[in-house]
Amino acid sequence: MSEQALSIPIIDFGPFIQGDTSARQQVAAQMREASSQWGFFYLANCGMPQASISQAFQASKDFFALPDEIKQSVAWQNAQSNRGYVGVRRERLDPSKPGDLKEAFNGAPEDRDASAARNLWPADQPQFRQNVETLLADCITTADRVLEAFAVALDQPDNFFVNAHNLHHHTLRLLHYPPLPESFVAEQGETRAGAHTDYGSITLLFQDDAGGLEVCTRQGDWVQATPIPGTVVINTGDLMHRWTNHVFCSTPHRVNVPKAAMHRHRYSIAFFCHPNKDANIECIDSCTDAGNPVRYPPISAGEHLLQRLNATY
């Protein structure tokens, strides 16, 4: 296989934001191709403020450096709320493997759904909350633009996906992969994050320079998703896979431990974009024909998410 065939696509999103109808359609077509062949791509010039990203990474470092009793005071409780701190090895993204060698903090927008659970903020850390909430707002703006491009790519009205996400039932995860000791030996497939697919519609991922993210190709090969400054990694999740009747794919990925970064901290931030919990996920009309009949019955987005979360923790 050629080197080009093994390269995760890089897409310039600027023409979609600023261009005319033709430019928008060209970018949307590139995103459709990448989502069909890879389920992953790098998005450049997407409008995410770099200051917001940098401040969120610093907030993440500060939070994970807090004493364990402070982090545990805002511990994750259940799949229904899906908020708070998740300790090392508590999560198992690959249920057949040991717990993941990472810790996380889950937050979510609180602006649209008064019935939703509230975030669990650590006491006496106002700057942490402010930086996380700023990044949340910026991620929503970018995710809505990506969803609009996906609608264009699938010959749907521009607001088709955005309207189905307008209650902002999303999750932002700050992730920390601690350095591993000199004597560390992986047991039974232990790794930083086991092979998995994401549960929702799309994910926005921000990486530091430690590396370790790997994506599985359609041929079953694992390819490194090397951090590229100035880009956001976008991938399509299980609900988009289902919604589009496999036109867009939900691709297995994992976080391995590169030898060069074994003894380094690794930080990443993932924004999991999820439809409204009552959104009905059924095959889009432009994603089925005689050669690709409807594969799934309808399901609510909320029911699907609960099934996946309960299997993970």
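**View 1. Ala 137 has its place in helix 5.** The model shown is predicted: local features need pLDDT of at least 70, side-chain atom pairs count only at pLDDT 80 or more, and totals for chains, interfaces and linings use all residues. Residue numbers run from 1 along each chain as its sequence is written, and side-chain values use heavy atoms, with hydrogens and water left out. Helices (H or I, at least four residues) and strands (E, at least two) are DSSP runs, numbered from the N terminus. Ala 137 counts as partly exposed because its relative accessibility is 42%; buried means under 20% relative accessible area, exposed means over 50%, and partly exposed lies in between (1.4 Å probe, protein chains only). The C-alpha atom of Ala 137 is separated by 9.7 Å from that of Asp 111, and the two residues are 26 residues apart along the chain.

**View 2. Aromatic rings around Phe 105.** The structure holds 12 aromatic pairs, a pair being two rings of Phe, Tyr or Trp (its six-membered ring) with centres within 6.5 Å, stacked if the planes are under 30 degrees apart, edge-to-face if over 60 and tilted otherwise. One of these pairs joins Phe 105 and Trp 121: the ring centres are 6.0 Å apart and the planes stand at 35°, so the pair is tilted. Phe 105 lies in strand 4 (residues 103–107), whereas Trp 121 lies in the loop between strand 4 and helix 5 (126–153), so this pair ties together parts that are 16 residues apart in sequence. Phe 105 has 0% relative accessibility and therefore counts as buried. Trp 121, at 16%, also counts as buried. Phe 105 forms an edge-to-face pair with Phe 128, at 5.2 Å centre to centre and 75° between the planes. Because Phe 105 is in strand 4 and Phe 128 is in helix 5, this pair ties together parts that are 23 residues apart in sequence. Both residues of this pair, Phe 105 and Phe 128, are buried. Which residues do ring pairs link into a cluster? They are Phe 63, Phe 64, Tyr 85, Phe 105, Trp 121 and Phe 128.

**View 3. Helix 3 and its buried residues.** Helix 3 covers residues 50–64, which makes 15 residues. From its first C-alpha to its last it reaches 21 Å, close to the 21 Å expected at 1.5 Å a residue; the expected span is 1.5 Å times one less than the number of residues. The buried residues in this helix are Ser 52, Ile 53, Ala 56, Phe 57, Ala 59, Ser 60, Phe 63 and Phe 64. Seen down the axis of helix 3, the buried residues fall within an arc of 160°, so they line one face of the helix; the arc is that of the directions from the helix axis to the C-beta atoms.

**View 4. Two arginines over aromatic rings.** Arg 24 lies over the face of Phe 16, at 4.1 Å from the ring centre. The charged end of Arg 254 sits over the ring of Trp 222, at 3.9 Å from its centre. A charge sits over a ring if NZ of Lys or CZ of Arg is within 6 Å of the ring centre and within 35 degrees of the ring normal.

**View 5. Cys 283 and Cys 287 without a disulfide.** The structure holds zero disulfides (pairs of cysteine sulfur atoms within 2.5 Å). For Cys 283, the nearest cysteine sulfur is that of Cys 287, 5.9 Å away. For Cys 287, the nearest is that of Cys 283, also 5.9 Å away. Cys 287 is buried, with a relative accessible area of 3%.

**View 6. His 168 and His 169 in a loop.** His 169 has its place in the loop between helix 6 (160–164) and strand 5 (171–177). With a relative accessible area of 13%, His 169 is buried. A polar atom of the side chain of His 169 lies 2.9 Å from the backbone nitrogen of Lys 277. His 168 lies in the loop between helix 6 and strand 5. His 168 has a positive phi of about 60° although it is not a glycine. Is His 168 buried or exposed? At 7% relative accessibility, His 168 counts as buried.

View 7. Asp 155 is found in the loop between helix 5 and helix 6. Although Asp 155 is not a glycine, its phi is positive, at about 60°. Ala 123 lies in the loop between strand 4 and helix 5. Ala 123 and Lys 71 are 52 residues apart in sequence and 9.8 Å apart in space, C-alpha to C-alpha.

Notes. A polar contact is a pair of N or O atoms within 3.5 Å; within protein, one must be able to donate a hydrogen and the other to accept it, and residues adjacent in sequence count only if both atoms are side-chain atoms.
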